[in-house]
Amino acid sequence: MKKYISIAVSVAILLIIYSKIDLQNLAKVFANCDGLIMFLSLAMVIPITLFTSWRLQQLMPKGSDLDFLEANRLILGASVLNMVLPSKMGDIAKAYFMKDRGHLSGTLSLSLVVFEKACDMLSLLLWCVFGLIVYPDKNSLFWLMTIGVGVGLILGLILLGSRKFAIVFFETGINLLPKKIGKKLQSLKESWLQMHDYFWEDKRQLIKVATTSIFIWFLHLFQIWLFILALKADVPFLTNLALSPLAILAGLLPLTFAGVGTRDAALILFYQPYFGEATGAALGLLCTSRYFLPAIIGLPFLGEMMATVKQMKQNKQL
């Protein structure tokens, strides 16, 4: 039901957006785009996927047998499942798949995925804070967003760095939030604490994974800037470092299907000083392709990953 509601909300937002845009202008934006830069920007999904797969290998314990090709298969298969299943089930299936193949224990595989997602979020927030600090035309809204994103980054870093703070944070949430959410937080707390113990044992590996995550998100934001150049719009790169993470964060709100709609609206709103609504809508479509292209590439692995999901559900019922 959640998936259908999110799709309905996405469709509603898109209908509102496109009712205010001249579709002929949107077609002209794509017709006049720079073909070479467009090709290069879309092809960026390849190095981004490869680096993400390499990071997954670095996250694994020493002596594990997860090779590079299987890491790519897991990343691409999870991309497919995240498009069709709720609550980022693809990432959970990825953890279960690693356990099923004997790469890791069940709890450690989930902890690894939790750490991977935490690195992604903190890296995105880091680039967003950097971009907002150097963004020249900050009004009261942008100052508020800068403070909000900065607080989120600091909170995440403290959660990652302090075991005691993490325990207090999760226990507070478990006690205050509804029982159903509290159970999920309890499971997340256990995975988070195991992840904390595991990764802080090897600080060199921790630094390597964190640096790689920051670089991967630089590639993501660079890809969006290439989209803008392909559409023949003029936005300074440092400005893009501030605005594109805000749009991505808007797309992460659990309101719409894969962020479609909220991300598009945020792109049109934030980039309004630099280009028109038709170009903003075109950029929204290209940003959505960042999620669909890896999913399309991962379709050959869908059957294997779906079998893993079914096995997860069967084990949950036992």
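Me: Hi! Which helix is Val-113 found in?
Reply: Hello! This is a predicted model, and in it Val-113 belongs to helix H7, which covers residues 106-134.

Me: Is Val-113 buried or exposed?
Reply: Val-113 has a relative accessible area of 5%. Buried means under 20%, so Val-113 counts as buried.

Me: Which residues is Val-113 in contact with, leaving aside neighbours within four places in sequence?
Reply: Those are Asp-91, Lys-94, Ala-95 and Met-98.

Me: And how far apart in space are Val-113 and Leu-56?
Reply: Going from C-alpha to C-alpha, the two are 8.9 Å apart, although 57 residues separate them in sequence.

Me: New topic, salt bridges. How many are there?
Reply: The count is 5 salt bridges.

Me: Which residue forms one with Glu-116?
Reply: That would be Arg-55, with the closest N and O atoms 3.7 Å apart. Glu-116 sits in helix H7 and Arg-55 in helix H4, so this pair ties together parts that are 61 residues apart in sequence.

Me: Are those two buried or exposed?
Reply: Buried: Glu-116 has a relative accessible area of 1%, and Arg-55 has a value of 1% too.

Me: What about Arg-55 and Asp-120, how close do their N and O atoms get?
Reply: The closest N and O atoms of that salt bridge are 2.9 Å apart. Here too helix H4 is tied to helix H7, because Arg-55 lies in H4 and Asp-120 in H7, 65 residues apart in sequence. Asp-120 counts as buried, at 12% relative accessibility.

Me: Which residues are linked in a network of salt bridges?
Reply: Arg-55, Glu-116, Lys-117 and Asp-120 are joined that way.

Me: Where does the pair of Asp-197 and Arg-163 sit?
Reply: Their side chains meet in a salt bridge, 2.9 Å from N to O. Asp-197 is in helix H10 (residues 179-200) and Arg-163 in helix H9 (residues 163-176), so the pair links distant parts of the chain, 34 residues apart. Asp-197 is partly exposed at 35%, and Arg-163 is partly exposed at 33%.

Me: Okay, pockets now. How much space lies in the second largest pocket?
Reply: About 250 Å³.

Me: Which helix gives the largest share of its lining?
Reply: H11 does, with 3 residues. Helix H4 (45-59) and helix H11 (203-230) each supply at least two.

Me: What classes of residue line the second largest pocket?
Reply: There are 3 nonpolar, 3 polar and 5 charged residues. Among the lining residues are Gln-57, Pro-61, Tyr-198 and Arg-204.

Technical notes. Residues are numbered from 1 along each chain as its sequence is written. This is a predicted model: local features need pLDDT of at least 70, side-chain atom pairs count only at pLDDT 80 or more; totals for chains, interfaces and linings use all residues. Side-chain values use heavy atoms; hydrogens and water are left out. Helices (H or I, at least four residues) and strands (E, at least two) are DSSP runs, numbered from the N terminus. Buried means under 20% relative accessible area, exposed over 50%, partly exposed in between (1.4 Å probe, protein chains only). Contact means heavy atoms within 4.5 Å. On a 1 Å grid over the protein atoms alone, a cavity is a set of points where a 1.4 Å probe fits but cannot get out, and a pocket is an open set with protein on both sides within 12 Å along at least five of seven lines; lining residues have an atom within 4 Å of a point. Grid points are joined across faces, edges and corners, and a volume is the space filled by probe spheres set on the points. Ala, Val, Leu, Ile, Met, Phe, Trp, Tyr, Cys and Pro count as nonpolar, Asp, Glu, Lys and Arg as charged, and the others, Gly among them, as polar. A salt bridge is a side-chain nitrogen of Lys or Arg within 4 Å of a carboxyl oxygen of Asp or Glu.
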